[in-house]
Amino acid sequence: MIEAHNISKSFGDHDVLKNISLKFVEGKTNLIIGKSGSGKTVLMKCLVGLHEVDQGSILFDERNFSGMTFSERKSIRKEIGMLFQGGALFDSMTVEENVMFPLTMYTNQTVEEKKERVNFCLQWVNLENANKLFPAELSGGMIKRVAIARAISMNPRYLFCDEPNSGLDPHTAGVIDDLIQQITSEFNITTVVNTHDMNSVIKIGDTISFIYNGKLWWEGDKSQILHTENQELNDFVFDTELTKRLKK
Amino acid sequence: MLTRFGKYILIMLKVFRKPDKMKVFWRQLVIEINNLGIESLGIVAIISVFMGAVVAIQTAYNIDNPLLPLSLVGFTTRQSVILEFSPTIISLILAGKVGSRIASEIGTMRVTEQIDALEIMGINPANYLIFPKITAAMIFNPVVIILSMGFGIMGGYFVSVFTTLYTPQDYLDGLRLDFDGFTIAYATIKTIIFAFLITSIAGFEGYSVKGGAIDVGASSTRAVVWSSIMIILFNLILTHLLLS
């Protein structure tokens, strides 16, 4: 379980996160939703330690991550996998080398053992024959799938996904959602997904936290979100023409 | 400017740490020696040959006193190439070639979140990305510069072969005249320090990029400008310390 206790973050005079407390449950897909600029990306970056919180604490299974130094965090970071918005694959490496990279850095496995693990991860994301391709040769959906394979290569306990569906067509976005959900339940991972894609919310939102103006505005799950009385959340959920018509 | 210098020091403190995995560091080091050093040899060779030839021609052109021996052409070319042209001018050229490459490579990794990905994995990105580049340049640039000296001196020799300005024997006599081995040591010391300046400044500029493609371009330009300025400044300081 990941817990955030009263975390705040500001950049200069701009308060981006205001006293947010959240819990992300193990074996569930925990969604953070909100409009662009609401602070959800900053929240995720604080959770993984890319930004330091101004106040409050972040606990990974009761280990105080925010109070640790860079080297102390290393043990927790080995347990974290992250899928970035653009994939963040290393351009100079092939798909195989990208997925193998964390194994090379942190294990003493032989090349054969690493290749076996890489192939297992690539099979999971349905990319069996892409080992020798470079990121520049991949489509947007393939990049996301390789990034997922890299994120799970070290058997992470925690998986963070920053807008995993951005820039993808609805079908491919659905494939990525399915993968995230399968990985979460199969490996009992604590998954945190940052999204504003309502399809994902309805499909994989085991727990949902709505961030509005840097504050935690609403918490619930996918069965509750369509029936809430919360005005700001309703404005967000039923903002598109399609959802407006469906609501009618 | 003071703030930027402070940030540079902070990043260098992250760079100069023990690598996360030595095996990976050695592999990266070999890759960087190839990327930053061996791939620069072509341009260095061409520039050095022409530079040596021009120095020799200019020296010969200026010797119009019959009491001055033409072997001075070889002597002057050797001294100019070893003391200044190879270590300083070639380092300035490498600041453009290698500096812009490092800044744009690391800057692009920054804006495409590849550096964040490294950090999430628990890897020290500054050390992983910049340290092998600095080490590679500090090891291999002296080799590049010594080869450049050879090419420069050869350039002067080619002039003697293809023109009648002076004979090859005059030139070779001048090359052997009053040779002081310390000049090579002086050039090597300068080169090592210039190599550090080029790679660390470019690494810092790339690492601290914020924004997008325009900012990567701007960081690349800043890397070349600042490393060139620092080379010129340190050239003066080192020359004063080592030769005066």
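Tyr157(B) is buried, because 20 other C-beta atoms lie within 10 Å (20 or more counts as buried, 12 or fewer as exposed, anything in between as partly exposed, with C-beta atoms placed from the backbone). This is a predicted model: local features need pLDDT of at least 70, side-chain atom pairs count only at pLDDT 80 or more, and totals for chains, interfaces and linings use all residues. Residues are numbered from 1 along each chain as its sequence is written, while chains are lettered from A and ligands numbered from 1 in the order in which they are written.

**Tyr157(B)**
- Tyr157(B) sits in helix H6 (residues 125-162) of chain B (helices, H or I, are DSSP runs of at least four residues, strands, E, of at least two, numbered from the N terminus).
- Beyond neighbours within four places in sequence, Tyr157(B) is in contact with Pro168(B) and Tyr171(B) (contact: C-beta atoms, placed from the backbone, within 7 Å).
- Arg4(B) lies 153 residues from Tyr157(B) in sequence and 46 Å from it in space, C-alpha to C-alpha.

**Nonpolar core**
- The largest nonpolar core has 129 residues (a set of buried Ala, Val, Leu, Ile, Met, Phe, Trp, Tyr and Cys residues joined through C-beta atoms within 7 Å).
- H6(B) gives this core its largest share, 16 residues.
- Leu47(A), Phe160(A) and Ile198(B) have the most contacts inside the core.
- Leaving aside neighbours within four places in sequence, Ile198(B) contacts residues including Ser91(B), Leu94(B), Ala137(B) and Ser227(B).

**Contact between chains A and B**
- Chain A contributes 15 residues and chain B 13 residues.
- On chain A, helix H2 (70-77), strand E6 (80-83) and helix H3 (95-106) each supply at least two residues of the side that touches chain B.

Key: Two residues are in contact if their C-beta atoms, placed from the backbone, lie within 7 Å.
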